[in-house]
Amino acid sequence: MQYLPNILFLLALVAGIWFFTKNIRKIIRNIKLGRAVDASDHKAERWGNVFRIALGQSKMVVRPLAGLLHIIVYIGFVIINIEVLEIIIDGIFGTHRIFSFMGPVYDALIFSFEILAFLVLVSVILFWTRRNIQKIRRFWAREMTGWPKNDANYILYFEMVLMVLFLTMNAADVALQQGVASGQFTSDAASHYIQAGAFPISGQLAPLFEGLSAETLILIERTAWWFHIIGILIFLNYLYWSKHLHILLAFPNVYFGRVVPKGQFQNLDAVTKEVQLMMDPNADPFAAPAETEEEAEPAKFGASDVMDLNQIQLLNAYTCTECGRCTSECPANLTGKKLSPRKIMMDTRDRLEEVGKNIEKNGTFQPDGKQLLDDYILREELWACTTCNACVEACPVSINPLSIIMDMRQYLVMEQSAAPNELNVAMTNIENNGAPWPYNQMDRMNWKNEA
Amino acid sequence: MAEYLAEGKQPEVLFWVGCAGSFDDRAKKITKAFVKLLNNAKVDFAVLGTEESCTGDPAKRSGNEFLFQMQAMTNIEVLNGYEVKKIVTACPHCFNTIKNEYPGLGGNYEVVHHTQFLKSLLDEGRLKVEGGKFKGKKITFHDPCYLGRANGEYEAPRDLLEKLEVELVEMKRCKSRGLCCGAGGAQMFKEPEPGHTDVNIERTEEALEIKPAVIAAACPFCNTMMTDGVKAKNEEENVAVMDVAEMIAQAEDL
């Protein structure tokens, strides 16, 4: 029976990791629904971006206050994970503070965890205030109602509770350590709590536990310990449904982020072939396709659904943490148009999830009479974009909403001939007289003779 | 350009005028100012004239990849036919398209924006830029998206303005965070979607907060949008919208 906690712990850990892996596989499967894309170029630059933008948080600090708070929570997340490692080892082997053999190094580690836990708690409370009291505009947009709004708050509550549990656990531990040291607690169970660690924050809380028996303190410590680790496992599995996935996906996403100038839009190869054929004077327009040639399905131009997008765009959608920096810099959105680059990413993820569920239910994707265009993203949104790249520049994790907008415009124009009429006029002009305006090509040099 | 070919010569640079610079009355003034500067610096340049056609930028940003590539390949045929090596243009949209999107279709040239070219003439000592009438005047510079964010060039136009000894005051949103004028992505050629205001008004209001004598631009479309914005705010008496090249030409009394 004495191994019961170890077994329970191991079961919880395995279950947590198993569910998490299962969901990650779903995400990978869904991303792979997109078109494959070659990103084997610019390796050095891509790694540079990962270090600078993802690890270094370089784009977060464009907004200093939010950036600073985020860096605290980010460092807290990374560093406190060392503590989680200790918790896992302790949990499996029934030990207590297994790393304490490191002596002063351990003290320094625990010291830093404590300080960080406290700073994280403060930052998260400030984040909550910014969202719910200060009501910063980008958190109250049209797309930030219902689940996205609640999701954001749940994450903050989760983090608050985890940090409070962590500090409570340490505070009870301190009280026990002090009791043992002063000879007040002599039981076997209490002597488990060896002198280890430095507790600048929870040490301040320990007096709250004064007068409690060793058993009560152990109960408090164990409860906090268990809730903390179970909380972490639940949080890990919550990620799949949450915008919080960015804590993992930001890194690959930044690696796959764009490495060519932002103004360079991709040239469609399928179109290049057609245009070359059209301009080739030796091509026979009536030639039947060669018999041996495989009957390939003609390529669809642009995107009307998530399967038409590429895998990086779909990874972008899962990475988006809905911070809204893109939308708050978007000229269309700022002037009251419906377009919101953040919504483009959220819609893409929602539709991709819907397609994923469809596949789980039916084995393969069965047409459901819906698509990304119109059912999620409106034409009005797509046509409001000025392609100014402000959203791409603003994203702290290198998401490119503009590329999705462009792919969908391509579908509208090349598959549906559904451009706004004024644009059709401009395009006809380009075709006929080499300029978007109806001027005579022969008048191109008129400026030369004007005063 | 055909004349150069007939004489078996190559110009130092091809000036790609662009549709606005060729046809739009306001933008033609920029073209003429830039040409004056080129002549003044004794730059041996050519234009394609009636052989120039739209780069395809508005078609591409509208989503019409077909039309874009047809335009691009036709232009590339012409440019390659003349063995063009270096291109300068006063339009960031032409600049971006030829520089970034033509190489993939077989058009490889050294492409510079006119502010970059003027800067290099200045550095080589071929062009003299002095304060003149703009000395000490309050000027703000509006970054064109396709020069700034799209291609990372923020300094060349500012360096030129500094040479004019102006008091350069930045708008709140500038450089990589500069707000679009509202013309990009083929918006120039259509009415905006419904909203509470127009993008060019939003941007002009921001510029007017500074109370500048001149809003400096480096793109014919930004120029139009900001000019319209200034007119809508009834400020055209007090604030001019000018291309950087025009300002230099005026300062030099060309």
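How many bridges join strand β7 (residues 214-217) of chain B to β8(B), and in which sense do the two strands run? Four bridges join them, and the strands run parallel. The model is predicted.

## Confidence in chain A

The mean pLDDT of chain A is 92, and 97% of the residues score at least 70. Among the elements of chain A, helix α11 (residues 311-319) has the highest mean pLDDT, 98. The lowest mean, 85, belongs to helix α6 (residues 188-191) of chain A.

## Overall form of chain B

Chain B contains 11 helices and eight strands. Its C-alpha trace spans about 50 × 45 × 30 Å along the principal axes. A compact globule of 254 residues would have a radius of gyration near 18 Å, and chain B agrees with this because its own value is 18 Å.

Of the 254 residues of chain B, 58% count as buried. Contacts in chain B between residues at least 6 apart in sequence can be sorted by separation: 78% of them join residues at least 24 apart.

## The sheet that holds β7

In chain B, four strands form an open sheet in the order β6-β5-β7-β8, with parallel pairing. The edges are taken by β6 (167-168) and β8 (240-243) of chain B. Each of these has a single partner strand, so one side of each is left without a neighbour in the sheet.

Strand β7(B) can be followed residue by residue. Towards β8(B), B:V214 stands opposite B:A240, and B:A216 has B:M242 as its bridge partner. Towards strand β5 (residues 138-141) of chain B, the pairing is parallel over three bridges. Here B:T140 is the bridge partner of B:I215.

In a regular strand the side chains alternate between the two faces of the sheet. Within β7(B), B:V214 and B:A216 point one way, while B:I215 and B:A217 point the other way. All of these residues are buried.

## The other sheet of chain B

Four strands of chain B also form an open sheet in the order β2-β1-β3-β4, and the pairing is parallel. At the edges stand β2 (45-46) and β4 (110-113) of chain B. Because each has a single partner strand, one side of each is left without a neighbour in the sheet.

Strand β1 (residues 13-16) of chain B is joined to strand β3 (residues 86-89) of chain B by three bridges, and the two run parallel. One of the residues involved is B:W16, whose bridge partner in β3(B) is B:T89.

## A buried helix

Is helix α6 (residues 92-101) of chain B buried or exposed? Of its 10 residues, 10 are buried, so the helix is largely enclosed by the rest of the structure. The buried residues include B:P92, B:H93, B:C94 and B:F95. Charged side chains are named there too, in B:K99 and B:E101.

The surroundings of α6(B) include both strands and helices. Its buried residues pack against the strands β1, β3 and β4 of chain B. They also pack against the helices α2 (18-23), α4 (57-62) and α5 (65-81) of chain B.

## The two domains of chain A

Chain A is divided into domain 1 (4-36 + 43-241) and domain 2 (244-259 + 301-427). The C-alpha centres of the two domains lie 33 Å apart. Their contact takes 28 residues from domain 1 of chain A and 32 residues from domain 2 of chain A.

On the side of domain 1 that touches domain 2, the elements giving two or more residues are α1 (4-31), α2 (43-55) and α5 (147-181) of chain A. The largest share, six residues, comes from α2(A). By class, this side has 14 nonpolar, three polar and 11 charged residues.

## Where the chains meet

Between the chains, 56 residues of chain A are in contact with 55 residues of chain B. On the chain A side, the elements that give two or more residues are α10 (269-279), α13 (331-334), α16 (379-383), α17 (390-394), α18 (401-415) and α19 (421-433) of chain A. The side of chain A that touches chain B has 31 nonpolar, 13 polar and 12 charged residues.

Conventions
Residues numbered from 1 in each chain as written. Chains lettered and ligands numbered in written order. Predicted model: local features only at pLDDT ≥ 70, side-chain atom pairs only at ≥ 80, totals over all residues. Contact = placed C-beta atoms within 7 Å. Domains from an automatic or database assignment. Rg over C-alpha atoms; globule rule 2.2 N^0.38 Å. Buried ≥ 20, exposed ≤ 12 C-beta atoms within 10 Å, placed from the backbone. Pairing = 2+ DSSP bridges. pLDDT = per-residue confidence, 0-100.
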